[in-house]
Amino acid sequence: IWLPDGDFLDLDWSRVPPPTSRLAVLTHGLLGNARRPYMLGMAKALNRRGWDVLSWNMRGLSGEPNRLERMTLHGSSDDLAAVVGHVLRENPHPYRHISLVGFSKGGNMSLKYVGELGENVPAEIKSVVAISAPVDVLGSVLAMGDNSLYAKMFHRKLRSFLLAKSAQIAPADLRRVLACRTITEMTECYIGPLHGFRNVEDYCLRNSALPHLQSVRVPSLLLNALNDPVLSASCSPRELAAKSDHLFLETPALGGHVGFGLLHDETTWAEQRTLAFLAEF
């Protein structure tokens with residue numbers, strides 16, 4: 001689909017016969033894509049229950065280079081809004097029940113999207129599930145640190161991503177960002193300024209779902225494991241959820257980061273919990 005700024009997003013569909021009125025929109029995590037195992041597993045589990053699935057790829061992550069230097073950030077709810085708008089306007093078969101399911105960065109984005117809209121969220125959106133979601137991006141950055149296994153993995157993947165789009169980056173900027181030793185440095189010297197943020201803290205605060213959670217007006221499940229090495233305690237806002245009629249927080253002891261294990265039927269616990277939550281609404 002084409003975006004207002006002239007760029008595009010690639011969408012992957014998995015439809016079930018016969019036509020259904022239920023659609024799940026899946027949003028992947030940082031530097032992932034629609035083909036990640038957790039995305040394919042969730043799509044398969046939803047298809048088996050009679051849901052159509054749309055898994056969208058963030059800018060530059062579908063395997064096809066995007067046109068613009070801009071990226072899809074943690075808080076790029078405008079890109080998710082473009083996907084939802086496309087579904088509501090263009091799909092020949094109308095969906096009356098749309099649920100958003102996001103993993104990690106995608107979970108933060110999904111919650112931020114419905115929180116920003118508040119009472120104005122499209123009536124077709126009935127529920128949200130956010131799995132291993134860093135809703136406090138700054139807290140997550142501090143919890144992960146710069147030298148952890150995850151931080152080093154994300155740094156390598158981001159470096160490769162930027163090299164793949166080097167034709168869109170000024171040579172001086174590319175040299176500077178490739179000299180950065182951590183993902184925090186990359187955000188400070190390149191990603192933040194490119195997208196209009198003053199520094200890492202500004203990027204984190206303005207991309208976090210946390211300030212918008214009190215405005216969520218659709219049933220939303222935040223599923224964060226206590227042993228997730230990427231999340232801070234502030235990513236599981238217990239007091240806010242306790243006061244909300246729409247935000248449901250669950251914090252199992254185990255699960256790591258998007259690592260909830262397989263059950264006897266080859267689905268994961270997170271998939272089963274997602275299916276149960278969506279079925280309630």
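**Salt bridges and buried residues**

The structure holds 14 salt bridges, a salt bridge being a side-chain nitrogen of Lys or Arg within 4 Å of a carboxyl oxygen of Asp or Glu. The model is predicted, so local features need pLDDT of at least 70 and side-chain atom pairs count only at pLDDT 80 or more, while totals for chains, interfaces and linings use all residues. Residues are numbered from 1 along each chain as its sequence is written, and side-chain values use heavy atoms, with hydrogens and water left out.

Me: Which residues are linked with Arg-70 in a network of salt bridges?
Reply: Arg-70 forms a salt bridge with Asp-78, with closest N and O atoms 2.7 Å apart. Arg-70 also forms one with Asp-5, at 3.4 Å. The network that holds Arg-70 links it with Asp-5, Asp-7, Arg-59, Asp-78 and Asp-79.

Me: How many residues apart are Arg-70 and Asp-5?
Reply: The salt bridge between Arg-70 and Asp-5 spans 3.4 Å between the closest N and O atoms. This pair links distant parts of the chain: Arg-70 is in the loop between strand E3 (52-57) and helix H2 (77-90), Asp-5 is in the segment before strand E1 (10-14), and the separation is 65 residues. Helices (H or I, at least four residues) and strands (E, at least two) are DSSP runs numbered from the N terminus.

Me: Is Lys-112 buried or exposed?
Reply: Lys-112 meets Glu-116 in a salt bridge of 2.5 Å, N to O, and both lie in helix H3, 4 residues apart, about one turn of the helix. Buried means under 20% relative accessible area, exposed over 50%, and partly exposed in between (1.4 Å probe, protein chains only). Glu-116, at 38%, counts as partly exposed. Lys-112 has 5% relative accessibility and therefore counts as buried.

Me: How far from Asp-136 is the nearest side chain of opposite charge?
Reply: Asp-136 is in the loop between strand E5 (125-131) and H4. Lys and Arg count as positive and Asp and Glu as negative, while His and the chain ends are not counted. Asp-136 is buried yet has no salt bridge, and the nearest side chain of opposite charge, Lys-112, is away by 13 Å.

Me: Which side chain does that of Ser-232 join in a polar contact of 2.7 Å?
Reply: Ser-232 lies in the loop between strand E6 (220-223) and helix H9 (238-243) and counts as buried at 16% relative accessibility. Not counting residues up to four places away in sequence, Ser-232 touches Asp-136, Gly-139, Ser-140 and Ala-143, where contact means heavy atoms within 4.5 Å. A polar contact is a pair of N or O atoms within 3.5 Å; within protein, one must be able to donate a hydrogen and the other to accept it, and residues adjacent in sequence count only if both atoms are side-chain atoms. The polar contact of 2.7 Å joins the side chain of Ser-232 to that of Ser-234.

Me: What arc do the buried residues of H4 cover around the axis?
Reply: In H4, Val-137, Gly-139, Ser-140 and Met-144 are buried. They lie on the same side of H4, because the arc they cover around the axis is only 160 degrees. The arc is that of the directions from the helix axis to the C-beta atoms, and its value here is 160 degrees.

Me: Which helices do the buried residues of H8 pack against?
Reply: Helix H8 (residues 200-207) has Val-200, Asp-202, Tyr-203, Cys-204 and Asn-207 buried. What covers the buried residues of H4 includes H8. Those of H8 pack against H3 (105-117), H4 (137-144) and H7 (183-194).
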